[in-house]
Amino acid sequence: MITIYTAHMRKAVLTQFQYRAANYFYMIGMIAEPVVYLVVWSTIARANGGSIDGLTPGGFAAYYIVWTLVRNMNIVLTPFAWEERIKEGSLASQLMKPMHPIHQDISEFMGWKVVVLLLWLPIAAALVALFRPTLSPTVLQCVVFFFAIWGAYLIRAIMQWSLGLVTFWTTRVSAIFEAYILAEMLLSGRVFPLVLMPKWFQTLTWYFPFRWSFSFPIVALTGPIENRDLFIGLGMQVAWIVFSIGLMWMVWPRAVRRFSSVGG
Amino acid sequence: MRDTAREPRGGPVRLTGTFLRVGVMNEMQYRINFFLQLVQSLMTVGTGLVVLAVVFSKTKDLGGWSRPQLLAVMGVFTLVGGVIRTFIQPNMERVVNDVREGKLDFALTKPADSQLLVSIRDVRFWQLTDVLVGVGVLTVALVQLDPGPRWQNLAGFVVLLLSGFISIYCFWLMLASASFWLVRINEVQELFDGLFRAGQYPVGIYPGWLRYGLTFIIPLAFAITVPSEAVTGRLAWDSVAVMIGFTIVLLFVSRWCWKRGLRRYGGASS
């Protein structure tokens, strides 16, 4: 299992490193989004006498720069990919392999992350120079952060993988996926730090996976966060990983049955 | 490649009309997509409205823009995005793919001007739902504005909007032309979509380096902010002059890029 994972990862590293320009295009497009939010919120913080809900412009800068790293960790197989796999039949060859096909997707994207992280470093340095974040995490926060970004990756990878399986039942998937992605945007802390939202909204986010794959790793590093909440967060991540694996185990065999029936 | 003697009768306008009609007829076969697209447009705008509500729960104005004025910007942003995704983006993405797969020959061997032809082949008609929703949001914003817009504002808005479309088209054409040099640039779409989001807010709120980038590198300021300024009565006339001049320059530069790229394509396939 580990050998196969490292093999897929190495393959992805080598492939993706060939496409540095393409990867940079992708990342610059992605970086525009947090910069917009960052500018909007720092403008408001300044107009508001220096901070809102405890966040200063430096605090927002820290939030959104860590955001860029977490967002990169969040890149997984898009649910839209299933349409092509089913239509073009590339799934058939994957089904022949003895291993569950999710392993190949997870390991390949993990390999890509290595390239992405390398390319991300200069961008992060530029953002730090431009926006001057205030960031002073403890050692524990750094350690938790390291695990939390991989937890976030697993939650999102498995959830979106399972979601993509809807394609086996209907071809009108994009409305469903878009709804899921929009819910994620609002409930994850991607558009605004959740601390800006009213209490009921913050409570609501506990019941969705989004917060744990996005806001939690960021806040784990930027704070303010109690040590207790660091461990609760990791626990919630484990719970969501278990939940998403369960979901996948339930849906996948049924989805494959439909595939074979269509393929004849 | 260009042979004026065999140029189709009626010229570019008729050719565009024909392609547009075929495109619309194609899309009309999938009528249910209208409702699916409409739902998507409404969801996207709904998210934007939530964000705007959160922003204005914390402040009275953002960089000198009031709530109805920012709502107008959001309307224009949605409208412009809809036009780009209906007419510009599908064609330019097809160029990128055709270059990679070597299928651009099919367009180049036709007697019409190659730039015209690759710019009108596709139309994603149902994306116009974004235009509908955008106009709706803009109308609501204009009703809330006090004082409301005068006819000069609206006329200026329409002219600047058209000019903005042209500048975005030129920008996309230059991006697509880049595919003659770089092999894999499917990511240009991601790049454009990402940067385009910055247009949700007036460029004036961004720090200087970014403001210039969003004006002269990616002409978002011209496509969204300036028309929004026109319709909300905030427009300075010197920015109109800069905008029109810049758009004309872009037209020439993008055509030059396209021609340069084509020369390279010929070299690669032979």
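Predicted model: local features only at pLDDT ≥ 70, side-chain atom pairs only at ≥ 80, totals over all residues.
The contact between the chains takes 29 residues from chain A and 30 residues from chain B. On the side of chain A that touches chain B, the elements giving two or more residues are α2 (20–47) and α8 (174–187) of chain A. Helix α2(A) supplies the largest share of that side, 15 residues. By class, the side of chain A that touches chain B holds 22 nonpolar, 4 polar and 3 charged residues.

Within chain B, helix α3 (residues 67–101) packs with helix α7 (residues 151–177) at an angle of about 25 degrees, and their axes are 10 Å apart. Angles under 35 degrees count as roughly parallel, and α3(B) and α7(B) are therefore roughly parallel to each other. The crossing in which α3(B) passes α7(B) is right-handed. From α3(B), the contact is made by Val80(B), Val83(B), Ile84(B), Ile88(B), Gln89(B), Met92(B), Val95(B) and Val96(B). The residues from α7(B) are Gly164(B), Phe165(B), Ile168(B), Tyr169(B), Trp172(B), Leu173(B), Leu175(B) and Ala176(B). Taken by class, the residues of this contact of α3(B) with α7(B) divide into 14 nonpolar, 2 polar and no charged. An α-helix has 3.6 residues a turn, so residues three or four places apart point the same way.

In chain A, the 17 residues of helix α3(A) should span 24 Å at 1.5 Å a residue, and the end C-alpha atoms of α3(A) are 24 Å apart, which agrees. Helix α3(A) is mostly covered, with 16 of its 17 residues buried.

Thr56(A) lies in the loop between α2 and α3 (57–73) of chain A. A residue is buried if 20 or more other C-beta atoms lie within 10 Å of its own, and exposed if 12 or fewer do; Thr56(A) has 16 and is therefore partly exposed. Leaving aside neighbours within four places in sequence, Thr56(A) is in contact with Ala45(A), Gly50(A), Ser51(A) and Thr134(A). Thr56(A) and Ile176(A), 120 residues apart in sequence, are 37 Å apart in space, C-alpha to C-alpha.

Another loop of chain A, between α8 and α9 (199–205), contains Met197(A). With 19 other C-beta atoms within 10 Å, Met197(A) is partly exposed. Not counting residues up to four places away in sequence, Met197(A) touches Phe192(A) and Gln202(A). The C-alpha atoms of Met197(A) and Asp53(A) are separated by 9.4 Å, although these residues are 144 residues apart along the chain.

Note on methods. Residues numbered from 1 in each chain as written. Chains lettered and ligands numbered in written order. Contact = placed C-beta atoms within 7 Å. Helix = DSSP H or I, 4+ residues; strand = E, 2+ residues; numbered from the N terminus. Nonpolar A, V, L, I, M, F, W, Y, C, P; charged D, E, K, R; others polar. Axes fitted to C-alpha atoms, helices over the stretch in contact; angles between N-to-C directions. Parallel < 35°, antiparallel > 145°, perpendicular 65-115°, else oblique. Left-handed = near helix turned anticlockwise from the far one by under 90°. Expected span 1.5 Å × (residues − 1).
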